[in-house]
Amino acid sequence: MDQQKLGTHIMSPPSVPNHNKKAHDQEKRHDFQTQQPYLVYSPVVKPNNNPIDSVSHVFNSWTNKADTIARNVWRNLKTGPSVSEAACGKLKLTAKALTEGGFEPLYKQIFATDPNEQLKKTFACYLSTITGPVAGTLYLSSTKVAFCSDRPLSFRAPSGHEAWSYYKVAIPLANIGSVNPVVMRENPSERYIQIVTIDGHDFWFMGLINFEKAKHHVLETLSHFRGQPYGGY
């Protein structure tokens, strides 16, 4: 299966939705790490591109949970170019979280955390980038908003060789300038959470399974961090 059907395999800068460029802009992926202070760089071994690989044992380990998970993620899966590829990533991530004892231990494996930091919520979503939406999980903790892709993406290492890394973004709450829920008037089903940092970087999260819940918790957490009353935006 070609990459276009499976969605982006390329690490590229965050982008405003509906302004994503085609893959011929891939050269921009090679230098954006040095321009993006919120990117967490962690190279991994090149992944197997077969989306069916290792799925069978996942189903065997938590068959009873599969129906519930499938219902909850269906809307999220349709955001990406390939439902099957996105579903495979979600299955593997959920199975890993169950194995590790929940999403909080998994979160602390993925990101550097403070001793007293607590994970509040997780939301399946996509991060909008130049080369297309990247499927992953939005983590909301007591100190940061973070995102990690479901699978590794490719980029060009300083050596010039192709390398792979999970697309990880970590934004300290202290560095968030504003959180803007956006609902498109032309198509109300297109809903985004835009996070703008105090130093001018912005991130657009889309395809959220429960947009209202995600919006509420992100705004509430930010208000609490700033010591301000939350008005239920």
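**Entry 1: helix α5**

I began with helix α5, residues 103–110, where Leu106, Tyr107 and Ile110 are buried. I then looked down the axis of α5: the buried residues fall within an arc of 105°, so they line one face of the helix. I note for the record that the model is a predicted one.

**Entry 2: aromatic pairs**

I counted six aromatic pairs. For Phe111 and Tyr139 I found ring centres 5.9 Å apart and planes at 70°; the pair is therefore edge-to-face, as the angle exceeds the cut-off of 60 degrees. I placed Phe111 in the loop between α5 and β3 and Tyr139 in strand β4 (residues 132–141), so this pair ties together parts that are 28 residues apart in sequence. I find both Phe111 and Tyr139 buried.

**Entry 3: salt bridges**

How many salt bridges are there by this rule? I counted three.

I recorded a salt bridge between the side chains of Lys108 and Glu104, at 3.7 Å from N to O. These two residues are four apart in helix α5, which separates them by about one helical turn. Lys108 is partly exposed at 40% relative accessibility, and Glu104 is partly exposed at 29%.

I found that the side chains of Lys144 and Glu117 meet in a salt bridge of 3.0 Å, N to O. Lys144 belongs to strand β5 and Glu117 to the loop between α5 and β3, so I logged a link between distant parts of the chain, 27 residues apart. Lys144 is buried at 10% relative accessibility, and Glu117 is buried at 2%.

The remaining entry concerns Glu212 and Lys215, whose side chains form a salt bridge at 3.0 Å, N to O. Both lie in helix α6 (residues 211–225), three residues apart, about one turn of the helix. I list Glu212 as partly exposed at 44% relative accessibility, whereas Lys215 is buried with a relative accessible area of 12%.

How values were computed:
Residues are numbered from 1 along each chain as its sequence is written. This is a predicted model: local features need pLDDT of at least 70, side-chain atom pairs count only at pLDDT 80 or more; totals for chains, interfaces and linings use all residues. Side-chain values use heavy atoms; hydrogens and water are left out. Buried means under 20% relative accessible area, exposed over 50%, partly exposed in between (1.4 Å probe, protein chains only). The arc is that of the directions from the helix axis to the C-beta atoms. Rings of Phe, Tyr and Trp (its six-membered ring) pair if their centres lie within 6.5 Å; planes under 30 degrees apart count as stacked, over 60 as edge-to-face and the rest as tilted. A salt bridge is a side-chain nitrogen of Lys or Arg within 4 Å of a carboxyl oxygen of Asp or Glu.
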